Amino acid sequence: MKKNVLIIGAGGVAKVVAHKCAQHNDELGRIAIASRNISKCQAIIDSVKAKGSLKVPADIQAFSLNALDVEATKALIRETESQIVINVGSAFLNMSVLRACIDTGVAYLDTAIHEEPGKICETPPWYGNYEWKHLEECQQKNITAILGVGFDPGVVNSYAKLAQQYFDRIDSIDILDVNAGSHGKYFATNFDPEINFREFTGQVWSWQNSQWTSNTMFEVKRTDDLPVVGSQNLYLTGHDEVHSISKNLNVPNVRFWMSFGEHYINVFTVLKNLGLLSEQPVKTAEGLEVVPLKVVKAVLPDPASLAPGYTGKTCIGDLVKGTKDGQPREVFIYNVADHEEAYAETDSQGISYTAGVPPVAAALLVARGEWDAGRMVNVEELPAEPFLKALDVMGLPTRVKDEKGDRPWDAEA
């Protein structure tokens with residue numbers, strides 16, 4: 001049984017991961033948190049203790065770490081005797097942290113595809129450019145590496161896997177991501193602004209008719225009437241899970257859609273047209289070299305600061321269409337989360353909560369041996385049922401809406 005968890009990162013998602021690990025430290029063992037900014041790690045530890053999240057009495061350690069330094073990360077893994085590393089730092093860290101985990105023989109979990117700072121929306125499939133190059137090595141060394149095990153990617157991949165039991169043939173999977181909450185700020189992003197904007201400034205890649213299809217951001221729109229959050233406008237967006245689901249599941253159409261308000265679109269468009277979302281450095285009149293996107297990030301609110309005043313709900317799920325017994329069928333598998341409830345439990349807003357709970361559920365399954373795959377996998381390659389059952393009791397229950405009604409996913413089990 002694998003025990004002792006090292007959390008890399010100290011943002012809003014890391015705070016949720018820490019709270020949830022603490023709630024299950026009887027199984028996960030000792031917890032350590034590492035980041036460049038050790039004061040942020042300590043603030044998370046203070047939050048965990050203030051909320052009384054620790055299931056059994058224990059210390060949580062904070063460490064200063066530059067996770068791009070592979071040798072330093074390896075040394076910290078050994079010092080903390082960690083057997084599971086949950087990487088919820090910047091997506092720029094993935095390959096360095098993965099390397100450290102492979103070299104030390106410990107399990108690796110992350111929540112997003114690796115990115116290189118100077119590259120935007122590379123040629124699909126994105127995983128093939130970085131993580132998947134280590135498939136064979138992980139297999140040979142019996143390393144468990146679970147990629148993209150947040151909510152999207154992550155839980156929605158498991159929803160896609162679960163959907164197979166509702167159909168004889170699946171024709172399309174449309175992943176719908178709606179945040180119907182309000183943070184009360186003029187403009188802010190729900191997670192790292194740099195990563196957020198990078199998703200939307202390049203091409204929009206989707207899997208249609210069994211081939212990669214390119215669009216521009218905000219070019220393709222749909223409107224859906226969804227449970228709890230009601231009618232929402234969503235836009236076709238490139239996203240991590242499309243790249244693995246299109247490879248691992250035999251589905252000809254896989255698309256990702258995200259909701260945006262007109263205000264967000266207007267501000268985003270102005271910033272992009274002015275060149276302020278560029279990841280390429282420019283020089284000021286004073287000769288200073290700056291990256292416009294990093295300047296924008298610096299002046300926007302820290303996503304973690306949004307949590308205290310956040311209200312409303314999220315609705316994220318898979319709208320799956322296909323046939324069953326020769327008849328067309330449509331099933332929506334989804335979760336609804338509440339920003340205020342997330343804050344009450346973990347001092348975090350709902351977006352961080354939905355991203356932070358799943359990797360801890362996955363860590364528990366690794367610790368128990370159910371998901372200790374001994375190879376590199378995406379979530380849809382693993383059994384869905386134990387993951388969704390864990391999420392049900394950890395704060396992210398799954399529901400199914402179809403011709404039979406709207407019910408918990410395992411109601412007929």
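Val270, Leu274 and Leu276 make up a nonpolar surface patch of about 270 Å². Keep in mind that what you're looking at is a predicted model. Leu274 sits in the loop between helix H10 (262-273) and strand E13 (282-283). With a relative accessible area of 60%, Leu274 is exposed, because anything over 50% counts that way.

Now find strand E5, residues 107-110. Ala107 and Leu109 point one way, Tyr108 and Asp110 point the other way, and all of them are buried.

E5 pairs with strand E4 (residues 84-87) in the parallel sense, over four bridges, and Val85 stands opposite Tyr108. To get from E4 to E5, the chain passes through helix H5 (residues 94-104), and this β-α-β crossover is right-handed. E5 also pairs with strand E6 (residues 145-147), again in the parallel sense, over two bridges. Here Leu109 stands opposite Ile146. E5, helix H6 (residues 135-141) and E6 make a right-handed β-α-β unit too.

## A threonine that reaches back

Thr80 lies in helix H4, residues 70-80. Is Thr80 buried or exposed? It counts as buried, at 6% relative accessibility. Its side chain reaches the backbone oxygen of Leu76 at 2.8 Å, and a polar atom of the Thr80 side chain lies 3.3 Å from the backbone oxygen of Ile77.

## Salt bridges

How many salt bridges does the structure hold? There are 26 salt bridges. One of them joins Lys20 and Glu345, whose closest N and O atoms are 2.6 Å apart. Lys20 is in helix H1 (residues 12-23) and Glu345 in helix H12 (residues 339-346), so this pair ties together parts that are 325 residues apart in sequence. Lys20 counts as buried at 2% relative accessibility, while Glu345 counts as partly exposed at 25%.

Arg99 is partly exposed at 23%, and so is Asp103 at 32%. Arg222 and Asp224 form a salt bridge as well, with their closest N and O atoms 2.7 Å apart. Arg222 is buried at 18% and Asp224 is buried at 11%. Finally, salt bridges that share partners join Glu71, Lys74, Arg99, Asp103, Glu137 and Lys141 into one network.

How values were computed: Residues numbered from 1 in each chain as written. Predicted model: local features only at pLDDT ≥ 70, side-chain atom pairs only at ≥ 80, totals over all residues. Heavy atoms only, no water. Buried < 20%, exposed > 50% of the residue type's maximum accessible area, 1.4 Å probe, protein only. Pairing = 2+ DSSP bridges. Right-handed = clockwise from strand over helix to strand, strands pointing away. Patch = residues over 30% accessible without salt bridge, like charges linked within 9 Å, V, L, I, M, F, W, Y side chains within 5 Å. Areas by Shrake-Rupley, 256 points an atom, 1.4 Å probe, with all protein chains shown as cover. Salt bridge = Lys/Arg side-chain N within 4 Å of Asp/Glu carboxyl O. Polar contact = N/O pair within 3.5 Å; in protein donor to acceptor, adjacent residues only side chain to side chain.
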